[in-house]
Amino acid sequence: MAFTSPSFLLLLLAFVLLTNAFPSPRARSITLCLASAVFIASYVDSALQLLPLAAFLAFGYASIELLRRGRSRGLLGALLIGLLGGFVVLKRYSFLGPAVQLPFPYLMVGLSYVLFRLIHLMVDAQQGELGRRIPALQFVNYCLSFLTFTAGPIQLYPEFASEQQARPAQDPARVGPALARVVRGFVKVGVASAILNYVFVALSGRLLSASPLGAANTWILFVGSAVSYTAYLYSNFAGYMDIVLGVGELAGQRLPENFNQPFAARSFLDFWSRWHMTLSNWFKVYLFNPLLKGLAKRYPSNGSAPYLAAAAFFVTFLVMGLWHGTTGVFVIYGLLLGAGASINKAWQVFATARFGKRAYKQAGERPLAVYAARGLTFAYFALALACLWLDLPQLSGLARRLGPGGLVASYGALTLGAALVFASWDAASARLRTARARWSPLFGSPLARDFALAAQILLVLSVGSFFHKAPEFVYRAF
């Protein structure tokens, strides 16, 4: 079920109405379960295709209960290996032979996010943080909620459980902003994402065509494709988050934020604390922190701590990249993410030691340094994302055509262009805020807000009909 389809819109409407009509925790749990069942059923043709997911969930549920009772670290390790092994087989990673693959089609959508939730529950159960047994219905809703099934956000179980006791948003002060956020989400997806996807397809299609291209045209098309794909991905993903968070608010379920102005980031590590924040936080808690703690025990010297952090960042981001897909190109993606994070950390350590913490911080606040850092961060991320729209032969072939000089030129041009765009955007935004403050009695009135909401709805309908179908969300584990 595409989330821009009329059937998905009807599902959202029915879910919100039923949740508000029957607001008791039990009724809300049943409503969420039914809505999730309808959503997941739209991806399969028969019940057989759901059996692997059901087995994966059953193994996870049994493991959680065993760990809640036993709390053995050895048992936790064995069960995690079993869970990860099952995940690798079900996702059909390219290095596996056909002998270990299931010989029938089955549902793989959402499996990657279910994995995160199961690992979180297993680790917390072993550490004694779960308390009593999780009710089966609540476990199913937590793992399979249609709002977060395909792309997050990754909500921790204690937050999810507490939200099930809250009442739906019936106060106009909450309903209005939540509804406006849903509409903004559809504007990002149905308008901005559709337009940017159209541009990206046109540029990348020309770049990857069999027609011969000169070096200059190859470089221009590559840079244009990288920028348009990054902008498309952001509008698509952020729009999707606006939709599910707004609907969650209307249904009395507050989901965690997943974005915080990522293109305002001044470093690669700062970027990942703003982009897909729940994913970054999950990796920090369940991989980075335990890995750094283990390295610190093995190498207890105080002077080695910053370098151990750089190594832990590399491994964490490498695994994050590998999680995104099952083919060889995602190894490159993971290496690029790991290199970006570890080099970022190593530079912070070097610059602080060389110039002093105060001088380094002051230098970083200068406008030229701010926009240069933002440009460098955006350019690195945009080029790394090429692994999401190129397969391994295409990526290697494009690298040969560009050569080292072309790759460096692409990074430099993207850095400079992004820095200039960000500076211009900030200046225009400052002027707009001043104008809005001056005219706040007019533009801040309820009538003006209602008019703006209606205009956004009409924009989605008009542009969406022009493009026939908005692009389906792509930022999920492949």
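The structure is a predicted model.

In secondary structure, the chain contains 19 helices and zero strands. The C-alpha trace extends over about 65 × 60 × 55 Å along its principal axes. For 478 residues a compact globule would have a radius of gyration near 23 Å, and the value of 24 Å found for the chain therefore agrees with that expectation. Of the 478 residues, 46% are buried. The contact pattern may be described in terms of sequence separation: when contacts between residues at least 6 apart in sequence are considered, 77% of them join residues at least 24 apart.

Two helix pairs illustrate the packing. Helix α3, residues 51-70, packs against helix α4, residues 73-91, at an angle of about 170 degrees, and the two axes are 11 Å apart. Because angles over 145 degrees count as roughly antiparallel, α3 is roughly antiparallel to α4. On the α3 side, the residues that meet α4 are P52, F56, F59, S63, L66 and L67. Their partners in α4 are L75, L76, L79, G82, L83, G86, F87 and L90. By class, the contact of α3 with α4 comprises eleven nonpolar and three polar residues, with no charged residues.

The second pair has another geometry. The axes of helix α9, residues 215-250, and helix α15, residues 367-384, come within 9 Å and cross at roughly 95 degrees. Since the range from 65 to 115 degrees counts as roughly perpendicular, α9 is roughly perpendicular to α15. Helix α9 contributes F222, A226, V227 and T230 to the contact, while α15 contributes F378, F381, A382 and L383. Seven of the residues in the contact of α9 with α15 are nonpolar and one is polar, and none is charged.

Two glycines can be located relative to this second pair. G375 belongs to helix α15. With a relative accessibility of 0%, G375 is buried, because the limit for that class is under 20%. Beyond residues up to four places away in sequence, G375 touches L414, T415, A418, A419 and F422. Between G375 and S204, which are 171 residues apart along the chain, the C-alpha separation is 22 Å. G214, by contrast, is in the loop between α8 (172-207) and α9. Its relative accessible area is 36%, and G214 is thus partly exposed. G214 and R174 are 40 residues apart in sequence, and their C-alpha atoms are 55 Å apart in space.

The backbone also deserves attention at several loop positions. R92 is not a glycine, yet has a positive phi of about 55 degrees. R92 is placed in the loop between α4 and α5 (111-126), and its relative accessibility of 26% makes R92 partly exposed. H276, likewise a residue other than glycine, has a positive phi near 50 degrees. H276 lies in the loop between α10 (268-272) and α11 (277-298), and at 0% relative accessibility H276 counts as buried. Finally, the peptide bond that joins G152 and P153 is cis, with omega of about 5 degrees. P153 is found in the loop between α6 (136-144) and α7 (157-163).

Key. Residues numbered from 1 in each chain as written. Predicted model: local features only at pLDDT ≥ 70, side-chain atom pairs only at ≥ 80, totals over all residues. Heavy atoms only, no water. Axes fitted to C-alpha atoms, helices over the stretch in contact; angles between N-to-C directions. Helix = DSSP H or I, 4+ residues; strand = E, 2+ residues; numbered from the N terminus. Parallel < 35°, antiparallel > 145°, perpendicular 65-115°, else oblique. Contact = heavy atoms within 4.5 Å. Nonpolar A, V, L, I, M, F, W, Y, C, P; charged D, E, K, R; others polar. Rg over C-alpha atoms; globule rule 2.2 N^0.38 Å. Buried < 20%, exposed > 50% of the residue type's maximum accessible area, 1.4 Å probe, protein only.
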